[in-house]
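Biologist: I would like to learn how to read a model of this kind, feature by feature. Could you take me through the one shown here?

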Amino acid sequence: MLTLSQIILVVVVTILVILLVIFSIYIFRILEEVRKTLQKSNDMMDDMKRITKSVADPIEQASEFVTGLKKGAKLVELASNLIDKKKNVKK
């Protein structure tokens, strides 16, 4: 026969096992939601990367264009200085 303490022990262990199963299911659901959230965050980061690239490319091209203009202006200035020197030498 089972004593009162054995019956209480079986009941307590059963309740603890049931609670453990319930908490485990709950934890797995939470982890699944975290996974979905991380996937959405990753998709958002990919979109941000595409957007920043589409904005940065024209700015980079404009910067290269301005750099080219500066180099061209320096070339014109150098040619102008050479022409002035030749005029001064002839005088």
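Biologist: How many helices and strands are there in the protein?

Modeller: Helices (H or I, at least four residues) and strands (E, at least two) are DSSP runs, numbered from the N terminus. Here there are one helix and zero strands, and the radius of gyration, taken over C-alpha atoms, is 39 Å, well over the 12 Å that the globule rule (2.2 Å times the number of residues to the power 0.38) gives for 91 residues, so the protein is more spread out than a compact globule. Along the principal axes, the C-alpha atoms fill a box of roughly 130 × 20 × 10 Å.

Biologist: What should I keep in mind about the source of the coordinates?

Modeller: This is a predicted model, in which local features need pLDDT of at least 70 and side-chain atom pairs count only at pLDDT 80 or more, whereas totals for chains, interfaces and linings use all residues. Residues are numbered from 1 along each chain as its sequence is written, and side-chain values use heavy atoms, with hydrogens and water left out.

Biologist: What percentage of the residues count as buried?

Modeller: Buried means under 20% relative accessible area, exposed over 50%, and partly exposed in between (1.4 Å probe, protein chains only). Of the 91 residues, 0% count as buried; the protein exposes about 8,900 Å² by the Shrake-Rupley method with a 1.4 Å probe, and carbon and sulfur atoms supply 70% of that area.

Biologist: Which residues make the nonpolar surface patch?

Modeller: A patch is made of residues with over 30% relative accessible area and no salt bridge, nonpolar side chains (Val, Leu, Ile, Met, Phe, Trp, Tyr) being joined within 5 Å and like charges within 9 Å. The nonpolar patch here covers about 1,100 Å², and its members include Leu2, Ile8, Ile15 and Phe23. Ile15 is found in helix 1 (residues 4–90) and, at 46% relative accessibility, counts as partly exposed.

Biologist: How many salt bridges are there?

Modeller: A salt bridge is a side-chain nitrogen of Lys or Arg within 4 Å of a carboxyl oxygen of Asp or Glu, and by this rule the count comes to three. Lys36 pairs with Glu32, their closest N and O atoms being 3.8 Å apart, and both lie in helix 1, four residues apart, about one turn of the helix. Asp47 and Arg50 approach to 2.9 Å; Asp47 is partly exposed at 37%, whereas Arg50 is exposed at 57%. Asp57 and Lys53 meet at 3.4 Å, N to O, and are four residues apart in helix 1.
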